[in-house]
Amino acid sequence: FYGFKPKKRYLLNKFSVAGFYFYEGQSILDNMKRGDNLEMKPNPDNIEDEYAVELYFKDSMIGHIPRSDNKHIFRLIDQGKELVCTIRKTDPEAETWQMCKVKVELVG
């Protein structure tokens, strides 16, 4: 890989996964670990929030990007930018809304 430079990553945000309690997160938390990537799927048809971004671990939906943090991330994905969502911490002993902490980075 001569001349290959890894792409830089720029931190956009850190947060706990919203709605973790309502989806499959709790049941698969033991399989999730720091450094794992989550898939982000914008869902503009969400009646609660037109900027909703769903988060998936493998094929299981585990929650959303919090509403307070999702607009700019939704727009960047919509513009075709490369973003990566990575698990920062899992804690089965924490309150449900803090069991899975993640970060979103822009790859440039």
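Colleague: What makes the backbone oxygen of V102 and the side chain of R88 a polar contact?

Modeller: In this predicted model, a polar atom of the R88 side chain lies 3.2 Å from the backbone oxygen of V102. The cut-off for such a pair of N or O atoms is 3.5 Å, so the value falls within it.

Colleague: Why is R88 called partly exposed?

Modeller: R88, found in strand β5, has a relative accessible area of 26%. Buried would need under 20% and exposed over 50%, so R88 falls in between.

Colleague: Which residues are in contact with R88, leaving aside its neighbours within four places in sequence?

Modeller: They are K14, F15, R34, K101, V102 and K103. R88 and C100 are 12 residues apart along the chain, with their C-alpha atoms separated by 7.7 Å.

Colleague: How do you know that C85 is in no disulfide?

Modeller: The nearest cysteine sulfur, that of C100, is 7.9 Å away. A disulfide needs the sulfur atoms within 2.5 Å, and from the side of C100 the closest sulfur, in C85, is likewise too far for a bond. The structure holds 0 disulfides.

Colleague: Why do C85 and C100 count as buried?

Modeller: C85 has a relative accessible area of 1%, and C100 is at 1% relative accessibility. The limit is under 20%, so both count as buried.

Colleague: What makes β5 a partner of β2 and of β6?

Modeller: Pairing requires at least two bridges. β2 and strand β5 (residues 83-90) have 2 bridges in the antiparallel sense, and β5 is joined to strand β6 (residues 100-107) by 7, again antiparallel. Both counts meet the requirement, so both pairings stand. In β5, C85 is the bridge partner of L38, while V84 stands opposite E105 in β6.

Colleague: Why is E105 called buried?

Modeller: Its relative accessibility is 10%, under the 20% limit, so E105 counts as buried.

Colleague: What makes the side chains of E105 and R9 a polar contact?

Modeller: The distance is 3.4 Å, and the cut-off is 3.5 Å, so the pair qualifies. Leaving aside neighbours within four places in sequence, the residues in contact with E105 include R9, Y10, L11 and L12, and also V84.

Colleague: Why are Y21 and F22 called edge-to-face?

Modeller: A pair of aromatic rings is described by the distance of the centres and the angle of the planes. The structure holds 2 aromatic pairs. In the pair of Y21 and F22, the centres are 5.3 Å apart with 85° between the planes. Centres must lie within 6.5 Å and planes over 60 degrees apart, so the pair is edge-to-face. Y21 and F22 are both exposed.

Notes. Residues numbered from 1 in each chain as written. Predicted model: local features only at pLDDT ≥ 70, side-chain atom pairs only at ≥ 80, totals over all residues. Heavy atoms only, no water. Phe/Tyr/Trp six-rings, centres within 6.5 Å; stacked < 30°, edge-to-face > 60°. Buried < 20%, exposed > 50% of the residue type's maximum accessible area, 1.4 Å probe, protein only. Helix = DSSP H or I, 4+ residues; strand = E, 2+ residues; numbered from the N terminus. Polar contact = N/O pair within 3.5 Å; in protein donor to acceptor, adjacent residues only side chain to side chain. Contact = heavy atoms within 4.5 Å.
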